[in-house]
Amino acid sequence: MHAEEAMALSEENGFREWLAWGRFNHGWALAEQGQLEQGVAEMEAGVAGFRRLSGVPWQQYTIALLAQGYARMGRKEEALEMLNEALAHIERSGERVDQAEMLRLKGELLLMRDGGATEEAEHSFRAGIEVARAQEAKWWELRTTSSLARLLAKDGRRDEAHKM
């Protein structure tokens with residue numbers, strides 16, 4: 001795995017930031033392959049490394065991905081709290097990169113936590129679409145629009161979902 005090689009080289013050469021990135025990405029890959037416990041633990045180690053460095057670019061997005069791992073492990077409240085903190089940081093700092101995807105993840109987490117939170121989730125999806133359009137971030141717009149369309153269809157609003 002490339003992440004393992006990056007970690008070994010970073011450890012060897014004292015590249016603390018790249019070591020943290022290697023740990024995070026290796027953990028993320030493990031989590032995506034279904035090894036949630038080990039993957040989330042490595043993602044946590046990566047995020048802790050970022051914090052020891054006083055932060056790195058895109059750190060808020062890594063926290064959002066970690067929150068997604070927590071939710072998949074059943075730690076939904078903790079995941080939502082982490083994601084809300086990351087979004088609050090974005091508002092304070094103005095670092096809006098990946099904000100649209102984070103709003104999409106928030107909508108998905110709200111639905112995972114409470115299937116009846118459709119209004120809250122819809123609001124989060126629509127806010128994500130607005131951000132993506134303002135940034136001309138087509139990939140995030142497509143992902144968020146797809147999440148909203150699924151929600152609308154499930155909610156019996158098929159015509160509106162189809163228009164999306």
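Is the crossing of α1 and α2 left-handed or right-handed? The crossing is left-handed, a term used when the near helix is turned anticlockwise from the far one by less than a right angle, with clockwise giving right-handed.

## About the model

This is a predicted model, in which local features need pLDDT of at least 70 and side-chain atom pairs count only at pLDDT 80 or more, while totals for chains, interfaces and linings use all residues. Residues are numbered from 1 along each chain as its sequence is written, and side-chain values use heavy atoms, with hydrogens and water left out.

## How α1 packs on α2

Let's start with the two helices of the opening question. Helix α1 covers residues 2-13 and helix α2 residues 16-32; helices here are DSSP runs (H or I, at least four residues), numbered from the N terminus. Their axes come within 8 Å and cross at roughly 155°, so α1 and α2 are roughly antiparallel to each other (the word applies to angles over 145 degrees).

On the α1 side, the residues in contact (heavy atoms within 4.5 Å) are Ala-3, Glu-4, Met-7, Ser-10 and Glu-11. They meet Trp-18, Leu-19, Gly-22, Arg-23, Asn-25 and His-26 in α2. By class, this contact has 4 nonpolar, 4 polar and 3 charged residues.

## Salt bridges between helices

Side chains of opposite charge can pair when their charged atoms come close. Here a salt bridge is a side-chain nitrogen of Lys or Arg within 4 Å of a carboxyl oxygen of Asp or Glu, and the whole structure has 17 of them.

One of these joins Arg-72 to Glu-32, with the closest N and O atoms 3.2 Å apart. Arg-72 sits in helix α4 (residues 59-72) and Glu-32 in helix α2, 40 residues apart.

Arg-113 pairs with Glu-77, and their closest N and O atoms are 3.6 Å apart. Arg-113 is partly exposed at 32%.

Arg-126 and Glu-160 form another salt bridge, at 2.6 Å between the closest N and O atoms. Arg-126 lies in helix α7 (residues 118-135) and Glu-160 in helix α9 (residues 158-163), so the pair ties together parts 34 residues apart in sequence. Arg-126 is partly exposed at 30%, and Glu-160 is partly exposed at 31%.

Finally, have a look at the network of salt bridges that links Glu-101, Arg-104, Glu-108, Arg-143 and Arg-150.

Methods: Axes fitted to C-alpha atoms, helices over the stretch in contact; angles between N-to-C directions. Parallel < 35°, antiparallel > 145°, perpendicular 65-115°, else oblique. Nonpolar A, V, L, I, M, F, W, Y, C, P; charged D, E, K, R; others polar. Buried < 20%, exposed > 50% of the residue type's maximum accessible area, 1.4 Å probe, protein only.
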